[in-house]
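Hi,

Here is the model I promised to pass on.

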Amino acid sequence: MNALHSRFSRPSVFLTTAILVFGCALSGCLSRPALHRQTFAFTASEAIPTNILATARVLGIRNLQIAAPFEGRSLVYRTGDNAYVRDPYAEFLDTPAESLLVTIREWLRDNASFAVVVEPGSYLKPNTFAEIGVTRFYGDFRQPQRPVAVLTMRFLFLDATNGLPGKVLLEREYARSIPLKSATPAALMDGWNQALTQILTKVTSDFRHSESEEPRERAQSDPGKVP
């Protein structure tokens with residue numbers, strides 16, 4: 001069992017699979033002009049520039065897992081405290097895990113968050129591993145007039161100096177709830193993209209800070225260091 005399985009437990013949420021044509025039409029949870037199939041993919045906006053230098057680490061993302069209730073291609077809506085529905089007319093082009101993974105790699109490269117972000121099978125060996133877990137990932141339509149995009153992600157960064165997972169460098173959960181302009185699949189996708197951008201910006205900032213603090217902590221803990 002890898003580190004992600006041992007650290008990231010899947011939420012015990014029972015997902016009620018229902019046909020959106022009936023469920024949402026009756027509850028009024030989602031508005032759409034016509035019933036036609038729509039497909040989506042993740043995108044993330046450019047990060048806001050900071051004065052923090054990028055880390056020199058070579059990053060490899062070992063895996064990205066989405067909790068079972070939300071890992072399918074269909075968009076998921078929460079319509080009650082314990083009621084969820086999958087939309088058969090709105091889905092991802094690929095699995096959401098693959099769409100997220102591609103977008104995260106591209107964002108980290110484009111925003112110079114790491115020296116290099118390698119693909120699986122690359123001849124360049126990473127000295128840092130990341131494992132990502134998505135625990136909440138749905139449109140919250142319990143209040144149809146106040147729809148919200150919900151995204152919660154956990155990031156685990158591990159030192160891999162010898163090519164094997166070692167010391168934990170950063171482990172943290174990031175949650176975002178983005179108000180939507182309307183209760184539509186397109187608006188929900190925009191909200192998720194906004195949430196993803198905010199999370200990636202924060203996690204890379206946190207990682208850079210942890211990198212800059214580590215040498216200082218080592219120096220402070222070195223009993224032989226002369227002040």
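Predicted model: local features only at pLDDT ≥ 70, side-chain atom pairs only at ≥ 80, totals over all residues.

Which residues does T197 touch, leaving aside those up to four places away in sequence? They are A44, S45 and W107, where contact means heavy atoms within 4.5 Å. T197 sits in helix α4 (residues 185-221) and is buried, at a relative accessible area of 11%. (Buried is under 20% relative accessible area, exposed over 50%, partly exposed in between, with a 1.4 Å probe and protein chains only; helices are DSSP runs of H or I with at least four residues, strands runs of E with at least two, numbered from the N terminus.)

Numbering runs from 1 along each chain as its sequence is written, and side-chain values use heavy atoms, without hydrogens and water.

Now the aromatics. Rings of Phe, Tyr and Trp (its six-membered ring) pair if their centres lie within 6.5 Å; planes under 30 degrees apart are stacked, over 60 edge-to-face, and the rest tilted. That gives 15 aromatic pairs. F42 and F92 are stacked, because their ring centres are 5.5 Å apart and their planes at 15°. This pair links distant parts of the chain, 50 residues apart: F42 is in the loop between β1 (38-40) and β2 (58-66), F92 in strand β4 (residues 83-92). Both F42 and F92 are buried.

F155 and F157 are stacked too, with centres 6.3 Å apart and planes at 10°, and both are buried.

Cheers
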